[in-house]
Amino acid sequence: MAEEKKADEKKEEEQLVIPDVLPLLPVRDVVIFPFMIVPLFVGRERSINAVDSALTKDRLVFTATQKDITKEDPEPDDLYTHGTVSMIMRMLKLPDGRVKILVQGLSRAQVEKFVQTRPSYTVEITKIKETPVAAISLETEALMRNVKEQLEKLASLGKAVFQEVMMVLDNIHDPGRMADLVTANLGLKIDEAQSVLETLDPLKRLEKVNDYLVKELQVAQMQVKIQSQAKEEMDKTQREYFLREQMRAIKSELGDMEEAAEEMEEFREKIKKAKMPPEVEKEAFKQAERLEMMHPDAAEAALIRTYLEWLVDLPWSKSTRDTLDLAKAKKVLDADHYNLEKIKERILEYLAVRKLQKKTKGPILCFIGPPGVGKTSLGRSIARAMGRKFVRISLGGIKDEAEIRGHRRTYVGALPGRIIQGIKQAGTNNPVFMMDEIDKIGMDFRGDPSSALLEVLDPEQNFAFSDHYLNVPFDLSKVMFITTANMTDPIPEPLLDRMEVINLPGYTEEEKLQIARTYIIPRQIKEHGLSRKLVAFPDETVRRIISEYTREAGLRNLEREVASLCRKVARKVASGRAGATAITPKLLYEYLGVPKYIPEAEQEADEVGVATGLAWTPVGGEILHIEATIMQGKGQLTLTGQLGDVMKESAHAALSYARTRAQEFNLPADFYKDIDIHIHVPSGAIPKDGPSAGITMAAALISALTRTAVNKDIAMTGEITLRGRVLPVGGIKEKCLAALRAKINTVILPERNKKDIEEIPKEVRKQMKFIMVKHMDDVLKVIFKKKPKAVKKTPRGLRAEKRRKTHAAL
């Protein structure tokens, strides 16, 4: 106790000589406590000046810690106001200009104000005199012992605490000094250590240090636990490796497992290189371990081996980079296909979005159109324009759901579905995937493939498509799906709703001519070993081929006929009869024979009871000369020409309209009672249906009733109601082209079909006149050159009228 009192007296004497103004040395990552000796590296200009100022006087400096250690030149507000008066015990100048000093803390102090800031900080301080503990109580003694024990535990758990510190702690009986010493060696955060420094009451300071010790002890115990778990895992891995090596040695001694071991090692390497999603990779390693434990000749081993081969061969992370040069993509699309502006524009829009937004879902397009219009070849061109791989499958006639989702591995010969097979074939996870004939999918007891496609073609679901064979999710969201169909009617509504439908209605005669000239003829000449010098196709000949030897919306038969002509010329050239051959119309008949299709004959003159209608067919538009005739009878309506229910209803609606307007047509109110009406639509072997012929039937019927000829140079289409309203119909483009082919330049269309005229090629619109009507009355004003006249009574009709008048008089 006497020694401690002397030390305290000496301390008080030292404090007496501490001046009120001292140079300030900012320190960054340490809090200096009284009686703490610490080396410091000084490199900042202000700090070096502060050290020099202290060395020229009494070697005393005030050390204060920075609040933000990242600041290179701290301002007064960036420093804590509480610090420690320290003495510079040693100083060493380093070659790089820095100074290394050894300082010892002497006493706590607080900054009152900054006296100067240049060339170094000089501050006026107030010395803080610590309140000594009068007597060590039992509680204080217990707290001090607890701090020592916890520090010992912390040291035993791996905390770096010097043995000398533990020895010094055994000889310290002052709670305040113990708190300072423990804090200085505990490695606390700056704000926590500063909090201890600013706590002046020794007991409260020790309690705070005890709390920090408890926290550090818990952290250390958790670290030990984590390290122990990691060591156990490492030991387990090493044990498994050791056992596996032993097993390998045993198998090697048996002499029949070396190839299997090499195969398993190869599988593991492939699994790692495939860069599968974590859950898929886990399943792959699991199956590989199962295979390794099996005998190579076991039946299940072959199934697992095939399954693993599928997993490692799929392009889980392989993608092709899209060609985002819009000009180049447009050039490729234009080089492969003529016109089709809507589809080309849609593809270029997608590429534009991909250029601006890298993470976009692939579009799901559905091309609807008749055969031969280029739906499949268009998909191939889209893939080429985008720089992607192209995959095509045909869905026509499939009836088993497993064709889409795959078979479960429990079945013998099980395989993934055609979707996953196509992805593997492409070798990338973002190909252009075309599914042809989606409108020809069947259904039976094995399931409904169209329902399975709902997941494939839904952008909100296909990012985790689950094939029954793989039984792990595969991301299809990057795939650009394109489906094709001839009609939308057979496609289930939920499936159709998931796709963006783009119609390809077929080509006009002018478009076919341009396509033949630009694509078909050059291709066929090249494929048959000819050249432009040996064969020539005048435009007139091509037009004859289109109109007289083909009847289709597409181009397949046109290409066949051109190929046939090229073969004829090739045979001629191969026989030695060299020379240029121009395929004239006369030579065309010699090579291809008589025309296969004769266009509908033109009417030579206006006729009573004959009106020209327009119809839509899958191969394009057609004109119909609908005929109506009146004969003596009992009020019957006869319909012939293999008409469907809708056309029959249109005929009845036309008759009802005529009866309601009998007075306006100068007809007796009961005109229908003593006559029979026969309406016939030519080409009776071909089934016909639809509402488009409604106004044509009405025109032919009223013409026959009023004996007024219909203008032969006008064609018409539209649905009629009982009140005579004309409703819109479809296929306007094809119907107008059919009228033009028949040399009819005036077409009557429903008013609400005015918007569809824009779809007609511009060169066709210039040659035609369109008359828009809302009511059947508007139609009659146009088609009749003369005013309808009254129908003369037949003898039978006169006798019947006489009997009715006599009966009325009686």
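Modeller: Happy to. Let us begin with two terms: a residue is buried when its relative accessible area is under 20%, exposed when it is over 50%, and partly exposed in between, using a 1.4 Å probe and protein chains only. Helices (H or I, at least four residues) and strands (E, at least two) are DSSP runs, numbered from the N terminus.

A word on the model itself. This is a predicted model, in which local features need pLDDT of at least 70 and side-chain atom pairs count only at pLDDT 80 or more, while totals for chains, interfaces and linings use all residues. Residues are numbered from 1 along each chain as its sequence is written, and side-chain values use heavy atoms, leaving out hydrogens and water.

Let us start with strand 3, residues 60-65. Six of its six residues are buried, so strand 3 is largely enclosed by the rest of the structure. The cover reaches both faces: L60, F62 and A64 are buried on one side, and V61, T63 and T65 are buried on the other.

Now for the neighbours of strand 3. Two strands pair if DSSP finds at least two bridges between them. Strand 1 (residues 21-27) runs parallel to strand 3, and four bridges join them. One place to look is L25, whose bridge partner in strand 3 is T63. Strand 4 also pairs with strand 3, here in the antiparallel sense and again over four bridges. In that pairing, V61 stands opposite S86 of strand 4.

Between strand 3 and strand 4 there is a loop, and T70 has its place there. T70 counts as exposed, because its relative accessibility is 63%.

Next, follow the chain to strand 4 (residues 82-93), which pairs with strand 5 in the antiparallel sense over 11 bridges. V85 is the residue opposite S107 of strand 5. Strand 4 and strand 5 form a hairpin with five residues between them, and G97 in the turn has a positive phi of about 95°.

Strand 2 (residues 37-42) pairs with strand 5 (residues 99-116) in the antiparallel sense, over six bridges. V38, for example, has V103 in strand 5 as its bridge partner. Strand 6 (residues 122-127) runs antiparallel to strand 5, and six bridges join the two. There, Q110 stands opposite T126 of strand 6. Strand 5 and strand 6 form a hairpin too, with five residues between them.

The loops here hold some details of the backbone. Most residues other than glycine have a negative phi, and most peptide bonds are trans. In the loop between strand 5 and strand 6 you will find P119. The peptide bond that joins R118 and P119 is cis, with omega about 0°. The loop between strand 1 and strand 2 is the place of F35. Phi of F35 is positive, near 70°, in a residue other than glycine. F35 has a relative accessible area of 34%, so F35 is partly exposed.

F114 counts as partly exposed because its relative accessibility is 28%, while Y121 counts as buried because its value is 2%. There is also a charge over a ring, which requires NZ of Lys or CZ of Arg within 6 Å of the ring centre and within 35 degrees of the ring normal. K67 lies over the face of Y80, at 6.0 Å from the ring centre.

Finally, some context for this part. The protein has 27 helices and 26 strands. Buried residues make up 45% of its 810 residues. Along the principal axes, the C-alpha atoms of the protein fill a box of roughly 155 × 85 × 65 Å.
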